[in-house]
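Reader: Before we discuss this model, could we place its sequence and fold side by side, and then work through it with each cut-off stated where it is used?

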Amino acid sequence: MAGRNPSIVVVGAGVAGLSAAKKLKEYGFNDVTVLEASEKVGGRVASATLGNTCVDTGAQYIHGASEKNPVYCLLKKSGVLNQVPEMGTEAFYSNKGHKVDADFARRAYEAGEGIIQYRGFNTGKSLGEHYAEKTQGVIDSLQDDEKTRMQSVFALVGKDMLIDVGASDLHRISLDSWQYYIDMGDSLNIAGFMFQLVDLLLEGFPKECLLLKREVSKIKWDGTFSVAPSPTPPAHDEPLPAHTEAASDEKVRQYPVCVVCENGEEILADHVIVTISLGCLKARASSLFIPSLPTEKMEVIDKLCFGNIAKIFLEYEEAFWENEVGSISLIYEDDTPASVSTNKMQWLKNMQYFSVLRPKERCLQAVVTHRCLQATSTFRTSTFQSDSNRTCVVRFGRQKYQRMYPVLLVRPDGSTINIRHKEPKRIMKMPVDITTLSEEERKIRMRKREPKRAAKQKLEDFEDDFKVDDYSKFWKKK
Ligand SMILES: Cc1cc2nc3c(=O)[nH]c(=O)nc-3n(C[C@H](O)[C@H](O)[C@H](O)COP(=O)(O)OP(=O)(O)OC[C@H]3O[C@@H](n4cnc5c(N)ncnc54)[C@H](O)[C@@H]3O)c2cc1C
């Protein structure tokens, strides 16, 4: 292998995989192939269209918007950050429907943030315990009429924190491990622009070295695989025929790794960089690597956990908020810092932060955590997938609309008229008069009307971490 240009395979074309490929190219490695399972690049940095607006279905915040952060530097250098519109003002409403004084809410919020950002260690406490304890100290020092207002804003800070870390309960976040989080600065919301990061990472990367729809099923990483050089090298998307026996011919190139795709293709490499998500690794690490990864690595994959969040987009006929508002926070008056956890029976209470989507200013975006996600998954018809690494945009209409909408009506003879209808639709077609059709056309239409058998859908039970034994002491006689 010495002296030759090593062949490197990167598994996964999310930002980690694309960044690795870009860096390798910059350092002069020109035999780099990226294999991506899906039909598009970007992974969890993804976008979709909602009406005329581009929305981020994955990442949208630069956490730590400072020169220490390479994502920030890349987007700044390319001028993307100059295009991001001002976020607008923050508005706070109480669950009783009245507006909360924004000045007070902001000051109280900053105080809460100061406490929750504390990075202590060796206390053996959870972030929830720490936060409840420290905020209680502040609340106790206040006048009675201030106490309730203050604790409900502190609770809001706690709920926002759950979304930041994708957790369901502050009491399940270790304060000890929190110290290892490196804070590089404030978070910057670049909604609608994050996907440009993917375009920037792809700049100058040869298209033929990026292979989509190549799900890697096996990585044989401890062998000797060889391929005889052909007079005309195969195109990049053609598989190389691999042989496990080392050939005697001097010109035969040998590789220590063979990457096998689900479609049977085999790609030989000197090095492999695996960038698939922890969720994907948990699902398939035991069969992906041949031989298996060392025990300690498998244990890490098994024991590490991750948070889960989803985005919900709400589209209104008219914005009910003022023009300059960029975000709306809901403060629940009966919330306290000690009560911060996600309860799926009260999932609505955990949709507390809404950002206004720009430029389409009559849309709001909320983010919910795993437990609420299970509850909101009843909104749609497809089954809930807690291990999915993509967000998909699903739409469901209202049951009742407030006004009539202009719609183009297509008559059976093809002519059109403008009418007003009780639902917003672009176009509506009147049914064809079946008696005017030929026998053959009539048969085709009748066949389409026949009832179709729906495939039986298996509904998944969602799991709950409620353990009855933890509570039995309250009713069991000693
Ligand atoms: C809804 C949501 C909002 C988020 N918001 C933010 C935010 O605001 N700020 C922020 O910094 N982060 C945010 N994140 C997290 C951020 O998006 C991810 O940390 C980041 O995109 C991960 O990139 P990655 O390349 O490591 O993994 P991924 O993006 O998961 O990329 C891995 C790629 O590997 C592919 N793959 C998987 N298995 C195989 C296989 N067997 N063979 C070949 N390819 C395979 C996948 O299809 C995927 O394209 C958010 C995530 C989500 C889901």
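**Reading the model residue by residue**

Reader: How many other C-beta atoms lie within 10 Å of Gln 179, given that it is partly exposed?

Author: A residue is buried if 20 or more other C-beta atoms, placed from the backbone, lie within 10 Å of its own, exposed if 12 or fewer, and partly exposed in between. Gln 179 is partly exposed because its count falls in that middle range, and the number is 13.

Reader: Where is Gln 179, and how far apart in space are Gln 179 and Gln 117?

Author: Gln 179 sits in the loop between α7 (175-178) and β7 (187-189), where helices (H or I, at least four residues) and strands (E, at least two) are DSSP runs numbered from the N terminus. Residues are numbered from 1 along each chain as its sequence is written. Gln 179 and Gln 117 are 62 residues apart in sequence, while their C-alpha to C-alpha distance is 9.5 Å.

Reader: What is the mean pLDDT of the protein chain, and over which residues is it below 50?

Author: This is a predicted model, in which local features need pLDDT of at least 70 and side-chain atom pairs count only at pLDDT 80 or more, whereas totals for chains, interfaces and linings use all residues. The pLDDT is the predictor's confidence in each residue, from 0 to 100, and its mean over the protein chain is 84, with 82% of the residues reaching 70 or more. One stretch with pLDDT below 50, which has ten contacts in the model beyond near neighbours in sequence, covers residues 243-248.

Reader: Which residues does the UniProt annotation "binding site" cover, and why can they be said to gather at one spot?

Author: The annotation comes from an unreviewed UniProt entry and covers Glu 36, Ala 37 and Val 216; such annotations may be inferred rather than shown by experiment, with positions given in the numbering used here and feature names shortened. They span 181 residues in sequence, yet they gather at one spot because no two of their C-alpha atoms are more than 8.0 Å apart.

Reader: Which residues does Ala 37 touch, not counting those up to four places away in sequence?

Author: Ala 37 lies in the loop between β2 (32-35) and β3 (47-50), and with 18 C-beta neighbours inside 10 Å it counts as partly exposed. Two residues are in contact if their C-beta atoms, placed from the backbone, lie within 7 Å. Leaving out residues up to four places away, Ala 37 touches Arg 214 and Glu 215.

Reader: With which residues is Val 216 in contact, leaving aside its neighbours within four places in sequence?

Author: Val 216 belongs to strand β9 (residues 216-220) and is buried, with 23 other C-beta atoms within 10 Å. Beyond its neighbours within four places, Val 216 is in contact with Val 11, Leu 35, Val 259 and Cys 261.

Reader: At what angle do the axes of α1 and α8 cross?

Author: Axes are lines fitted to C-alpha atoms, for helices over the stretch in contact, and angles run from 0 to 180 degrees between N-to-C directions. Val 15, Leu 18, Ser 19 and Lys 22 in α1 meet Leu 197, Val 198, Leu 201 and Leu 202 in α8. Angles under 35 degrees count as roughly parallel, over 145 as roughly antiparallel, 65 to 115 as roughly perpendicular and the rest as oblique, and α1 and α8 are therefore roughly parallel to each other. The axes of α1 (residues 15-26) and α8 (residues 195-202) come within 9 Å, crossing at roughly 25°.

Reader: How far apart are the axes of α4 and α5?

Author: In this pair, Ala 111, Gly 112, Ile 115 and Ile 116 of α4 meet Tyr 131, Lys 134, Thr 135 and Val 138 of α5. Helix α4 (residues 102-116) and helix α5 (residues 127-140) pack at an angle of about 140°, with an axis separation of 10 Å.

Reader: What is omega for the cis peptide bond that joins Ile 290 and Pro 291?

Author: Most residues other than glycine have a negative phi, and most peptide bonds are trans. Pro 291 is found in the loop between β15 (289-290) and α10 (295-303). The bond joining Ile 290 and Pro 291 is cis, with omega at about -5°.

Reader: What is the positive phi of Lys 213?

Author: Lys 213 lies in the loop between β8 (210-211) and β9, and it is partly exposed, with 13 other C-beta atoms within 10 Å. Although Lys 213 is not a glycine, its phi is positive, at about 55°.
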